[in-house]
Amino acid sequence: MTEQAMSVTPYWELTFDADGDVDGRERDRLLAQVTQRKVHDLVVFAHGWNNERSGATRLYSRFFQPVPALAPRARLGYVGVVWPSMIFPDEPIPDFPAAVTAEVTAVARPALAKGTRQALVEMFPDRATLVEQIARLLEQHPDDGASLETFGQLVRLLVEARPQDPQDAADILAAGGPAGGPEMLSGDTAQVCRDFARALDQVASLHGTSAASGAVDFSFTPAGLWDGAHELLRQAAYYAMKRRAGTVGERGLGRVLGRLAQEAPDVRVHLVGHSFGGRLVSFALRGLPAEVRTVKSVTLLQGAFSHYAFAARLPHDPHASGALHGLQSRVDGPLVCCYSHFDSALGTMYPLASRLAGDARSAAGELGADFDIGRTLGPQWGAMGHDGVQAVDGTRAFTLAEALRAKWPASGCVNVDAAAVVRRGGPPTGAHSDIVHRELAQVVLAAGRIR
């Protein structure tokens with residue numbers, strides 16, 4: 001997207017591949033122009049679930065639109081991070097064009113829509129054959145256990161890391177599970193699919209669309225284990241995206257910010273991330289050179305990673321710490337977590353997927369027919385976008401209204417309950433993508449002391 005098509009200027013993009021390598025021409029353009037354009041505060045936004053560049057830049061344009069009027073005297077610049085992730089087309093996004101999800105209305109669950117197949121191929125470009133085999137099984141949904149086990153094996157091959165990324169072990173241990181990768185794909189596939197099917201039904205019930213309520217939703221009411229298999233594929237793909245976000249942040253964006261600090265040391269940087277983009281910008285702190293102090297604020301919007309990520313000690317294991325423990329000290333300002341209990345993706349599906357990723361065998365024994373996810377799984381599996389940063393001493397807490405008039409702390413973690421505006425959306429994601437609000441732009445400016 002050109003500057004002329006954006007709602008703000010100057011605007012640059014930084015494109016990263018799955019390994020964290022940046023487009024060198026885009027990076028060099030930013031480094032050369034940020035001083036020429038006399039930028040004092042640079043806001044860097046990383047998207048979460050997304051299938052194409054246009055979707056990311058449309059998000060950035062809409063989110064940034066009110067900023068110039070809110071801070072008319074600020075010398076602002078804007079960066080949109082573009083990285084390879086995906087969204088399943090059957091997920092509702094507030095204010096997103098209806099054409100994006102129109103095709104899946106004609107596709108019976110659990111079959112994959114054409115757009116989903118293409119998105120998976122683009123996310124895993126060397127594994128197109130696996131995608132087709134998975135799609136064929138979902139379309140045929142044979143009534144035998146052997147086919148489900150084959151499905152689980154194919155999904156594992158699709159999302160496995162090459163080489164194994166050490167983030168996996170750190171994140172699972174931080175949540176209380178064993179090291180060695182996502183066990184949701186190595187246990188009893190039928191049981192895992194059954195657990196996901198129940199979770200889908202629970203989420204649908206919350207929105208009044210379950211089969212039991214009499215209003216059957218085409219995408220979200222489980223008809224059997226293969227609906228759970230469809231959700232297993234979705235969650236496995238998200239697990240791979242979560243891993244990828246950490247890689248792009250640490251090996252990609254963190255290094256670029258280090259170069260920026262060398263070339264333009266007076267530019268104040270403000271990181272913003274949505275969903276897995278919140279994980280990306282957080283891991284960028286781990287990739288920063290030790291001497292860099294140019295990051296003045298971090299704002300996480302519905303962050304899709306563990307609420308214990310920054311904890312020095314885990315409540316359920318005092319000998320372990322979060323994957324990013326202490327890295328909030330790399331921010332020369334506050335690290336802000338905006339969260340909402342209306343986010344069904346993070347309040348229901350995330351903890352179940354995290355639990356099944358950590359230890360599928362024991363999870364299968366815990367989830368009964370009438371299970372409640374939050375009650376059954378416990379707080380160690382929660383996401384910060386649902387209830388904020390947890391177990392970090394000194395964390396401040398504001399409502400959204402309080403945050404807009406508060407005196408912000410000079411450093412440390414701050415939780416902002418954004419449920420007053422982040423509340424729209426249907427199952428299974430709820431309000432997860434409902435982040436384009438003037439008030440949230442105000443939070444970014446307030447956290448960074450941008451006026």
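What share of the residues in the chain is buried? And which side chains meet in salt bridges?

Guide: Start with the whole chain. This is a predicted model. Buried residues make up 59% of the 451 residues. The chain has 16 helices and 8 strands. It exposes about 17,200 Å². Carbon and sulfur atoms supply 49% of that area. Now take contacts between residues at least 6 apart in sequence. Of these, 79% join residues at least 24 apart.

Next, confidence. The pLDDT averages 82 over the chain, and 76% of the residues score at least 70. Residues 172–180 have a pLDDT below 50. That stretch still has 26 contacts in the model beyond near neighbours in sequence. Residues 359–377 are also below 50, and they have 40 such contacts.

Now to the salt bridges. The count comes to 13. Three of them deserve a visit.

Take arginine 53 and glutamate 26. Their side chains meet in a salt bridge, at 3.9 Å from N to O. The two residues are 27 apart in the chain. Arginine 53 lies in helix α2, residues 53–64. Glutamate 26 lies in helix α1, residues 24–36. So the pair links distant parts of the chain. Glutamate 26 is at 12%, so it counts as buried; the cut-off for buried is under 20%. Glu13, Glu26 and Arg53 are linked in a network of salt bridges.

Move on to arginine 268 and aspartate 41. Their closest N and O atoms are 2.4 Å apart. Here the partners sit in strands. Arginine 268 is in strand β4, residues 268–274, and aspartate 41 is in strand β2, residues 41–46. They are 227 residues apart, and this pair too links distant parts of the chain. Both arginine 268 and aspartate 41 are buried.

Last, look at arginine 234 and glutamate 231. Their salt bridge spans 2.8 Å, N to O. Both belong to helix α10, residues 225–263. Why are they separated by about one helical turn? Because they are 3 residues apart in that helix. Arginine 234 has a relative accessible area of 1%, so it is buried. Glutamate 231 is buried too, with a relative accessible area of 1%.

Conventions. Residues numbered from 1 in each chain as written. Predicted model: local features only at pLDDT ≥ 70, side-chain atom pairs only at ≥ 80, totals over all residues. Heavy atoms only, no water. Helix = DSSP H or I, 4+ residues; strand = E, 2+ residues; numbered from the N terminus. Buried < 20%, exposed > 50% of the residue type's maximum accessible area, 1.4 Å probe, protein only. Contact = heavy atoms within 4.5 Å. Areas by Shrake-Rupley, 256 points an atom, 1.4 Å probe, with all protein chains shown as cover. pLDDT = per-residue confidence, 0-100. Salt bridge = Lys/Arg side-chain N within 4 Å of Asp/Glu carboxyl O.
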